[in-house]
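Hello,

Here is the model we talked about handing over. Please look it over with the notes below.

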Amino acid sequence: MQNELKWRGLELLKDGAVDRILGWRAGQFVYDITPDVFTDPEDLEKNFIYNEFCGANLSKYLIAESAKEGKVAVFLKPCDTYSFNQLCTEHRIHRENVYVIGIECYGKVSVDALRQRGIDGITGIRSEMGSLKIDTIYGEESVPAMEVYAERCRNCKSKKHVVFDELIGADGEVVDDCDRFDMVEKLEQMSAQERFEFWRGELSRCIRCNACRNVCPACSCEKCVFDNPKSGVLNKAAADNFEENMFHIIRAYHVAGRCTDCGECSRVCPEHIPLHLLNRKFIKDYNELYGDFVAGESVGQMSPVADFTTDRDAEPSVVQKGGDQ
Amino acid sequence: MMYQIPMESLDRLLAAIAAQQKLYLPTDNTAGEAVYTEWTQGAALSKKLNTLRSAKDFFFPQIQNMAKFRREGKKIEVIDDRAEADDFCIFGVRACDVRSFDVLDNVFLADPVDTWYETRRKHATVISLACTRPGETCFCHTFGIDAAKAGGDIQCWETKDTFYLEPLTEKGQALADALIAADGELLTQCGADQEALVEKETERIHKILEKLPLYDLKAEDNRERELELFRSKKWKELSSHCLGCGACTFVCPTCQCFDIEDFNNGETVQRYRCWDSCMYHDFTLMAAGTPRLTQTERFRQRFMHKLVYYPKAHDGLFSCVGCGRCLRKCPIHMNIVKVMETLKEEKE
């Protein structure tokens, strides 16, 4: 598939159909891939890569890229297209400056999952019939690819591209029987105390690196409310557990109804905190309270909690009680 | 002098050290990463290559209270409420992290001495451990570090059946002596045969290191090229997709920048410091604003500091130890190795 993407990119660049290609640049190893913009066909031919480690969602980069002059082509996996639409809804992407190439995706591998199996000293990885052959300086290893997919891919919610200008590979369907809410249900069944302890345990590892926030396509504020030196609390200080809890919980509230469950927060967390579970809880609640709602499914749709209308919606009790104190 | 103990008695050794002083060692957490934890009976030494965060936390914690101020009328009372520190021991420190202490010492122990750091450093005994299974992200060799001879106060090796200890400093020897005094049967002195086995293990590790993909990476002395590198156009490309998070900084064993802030609860002011990251937009923020307006300047700062400014100030010593943590943890896989390679191309 890499060659198909590369040739299409070269064609678009050489034809002058686009000025830039937003894709992935190869690194030192098979997996250390960097999102990058290519303008030079020669550079694209030499350094563009697409493989099972291209997990990064490129949508958020389009906030900056689409604001530049000229046209940018971008490769988006099905789940990335939801983020793209959502950002269009929020008027953060100049749609007319973007050419979306939807690409088929079977799931992306997590290097951390390989490491947790004790695989280290990786020098090469090949995909063969659903399994990964991993060359290491300590010998060859083989693992079923499914088992080392990122969590978001093991519980893939959609293989359908909700937006594209052209497709490479086939378009799929929304995965109706995905198990992404299983863990949320498990948490719901816990007692309040158990759940509290679960989250305190997970969030206590937070080092306040802010990678989750900075990678999140729903966190696109020009300036984050947490980055306020006048607040008296430093955003980078892992002061005590409770503060970390609040940071993540407030962030989850802020992206509720806009989070497409792309899973980037959990992918980038150096401490492996399952942050996506907070977002999924909101998604599940929205579905149950307001009917099925999928952020990013189409451009222009409003989150259920953001489109209150007096003639359609019941007046919230807070409004009614407001005057009585 | 070298000592040995059978691998199956490692728990006994750990318990014996813990009986002398507080002992911290890498253990696996619930997320499957190695982290330093205080030893308790039954704690298992992690088999992971290295801890997620470096050992610098022991001397330079991510957040640390410095002093309190209390105001009464027109008087301000300054309260230094530091408790007397106890001796402690960090076990299983890899060679890269041991070198990082030198890098930090040059900063924190230089005049004016950082007494918070100094106290912890003085009370610590560092027991290092040779790397049995280096990973592809390791490049300590680039900075002249020997993963097979990890240094510290006592350096150790673990083989399949035997654990070897070699005290290198007075502090290390004192701990070994105390262990022997407490239990005469715990450690056995190594003879020439056993020392040869350690030598063999060292050679085995060296052979593995030679196979590592980054083994040939060279760290160039760029002290003379400061301005040229500062002005390089490459920084823009390199930094163009940096998220501006602090993951690299916070897992780095040599990053040493911190911010000092006062928390005012109305009655007392708690002055604390916490790690800062040059990748953050409010790094060195002043009344007049920030001197580094975009991520490009922030990104450049981090790598110029490690590869040029620090070596310039400290006799050519690099402020990178090749532990590879940033290679593993950067969300977009942009890292110091890629920077070093790119700057090299620039020269060619």
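**Chain B against chain A**

In this predicted model, 43 residues of chain B are in contact with 37 residues of chain A. Contact means that the C-beta atoms of two residues, placed from the backbone, lie within 7 Å. Several elements of chain B each supply at least two residues of the side that touches chain A: helix H5 (192–211), helix H8 (247–251), strand E11 (258–264), strand E12 (268–275), helix H10 (325–329) and helix H11 (336–347). Helices (H or I, at least four residues) and strands (E, at least two) are DSSP runs, numbered from the N terminus. E11(B) gives the most to this side, with four residues. By class, the side of chain B that touches chain A has 23 nonpolar, ten polar and ten charged residues. Nonpolar covers Ala, Val, Leu, Ile, Met, Phe, Trp, Tyr, Cys and Pro; charged covers Asp, Glu, Lys and Arg; the others, Gly among them, count as polar.

**Numbering and confidence**

Residues are numbered from 1 along each chain as its sequence is written, while chains are lettered from A and ligands numbered from 1 in the order in which they are written. As this is a predicted model, local features need pLDDT of at least 70 and side-chain atom pairs count only at pLDDT 80 or more, whereas totals for chains, interfaces and linings use all residues.

The model scores ipTM 0.93 and pTM 0.93. Mean pLDDT (the predictor's confidence in each residue, from 0 to 100) is 94 for chain B. In that chain, 99% of residues reach 70 or more.

**Chain B**

Chain B is divided into domain 1 (3–211) and domain 2 (223–347). Domain bounds come from an automatic or database domain assignment. The C-alpha centres of domain 1 and domain 2 of chain B lie 26 Å apart. Their contact takes 33 residues from domain 1 of chain B and 27 residues from domain 2 of chain B. On the domain 1 side, strand E4 (63–72) and helix H2 (95–108) of chain B are the elements that give two or more residues. That side of domain 1 of chain B has 16 nonpolar, eleven polar and six charged residues.

An open sheet of four strands has the order E5-E4-E12-E11 (chain B), with antiparallel pairing. Two strands pair if DSSP finds at least two bridges between them. Strand E5 (75–79) and E11 of chain B stand at the edges with a single partner strand each, so one side of each has no neighbour in the sheet. The twist averages 25° from one strand to the next. Seven bridges pair E11(B) with E12(B) in the antiparallel sense. Ile260(B) stands opposite Arg273(B) in E12(B).

Now a helix pair. The axes of helix H1 (residues 10–20) and helix H4 (residues 170–182) of chain B come within 10 Å and cross at roughly 105°. Axes are lines fitted to C-alpha atoms, for helices over the stretch in contact, and angles run from 0 to 180 degrees between N-to-C directions. H1(B) and H4(B) are therefore roughly perpendicular. That term covers 65 to 115 degrees; under 35 counts as roughly parallel, over 145 as roughly antiparallel, and the rest as oblique. Ala16(B), Ile17(B), Ala19(B) and Gln20(B) of H1(B) make the contact with Leu175(B), Ala178(B), Leu179(B) and Ala182(B) of H4(B). These residues divide into seven nonpolar, one polar and no charged.

**Chain A**

The assignment gives chain A domain 1 (1–108 + 157–178), domain 2 (111–148) and domain 3 (180–305). The C-alpha centres of domain 1 and domain 2 of chain A lie 26 Å apart. Five residues from domain 1 of chain A and five residues from domain 2 of chain A form the contact.

A five-stranded open sheet of chain A runs E2-E1-E3-E4-E8, with mixed pairing. Strand E2 (34–38) and strand E8 (166–168) of chain A are the edge strands. Strand E1 (residues 20–25) and strand E3 (residues 72–76) of chain A run parallel, joined by three bridges. Ile21(A) stands opposite Ala73(A) in E3(A).

Helix H7 (residues 182–189) and helix H12 (residues 276–290) of chain A have axes that come within 9 Å and cross at roughly 85°. Met183(A), Val184(A) and Leu187(A) in H7(A) meet Leu277(A), Arg280(A), Lys281(A) and Lys284(A) in H12(A). The contact divides into four nonpolar, no polar and three charged residues.

Best wishes
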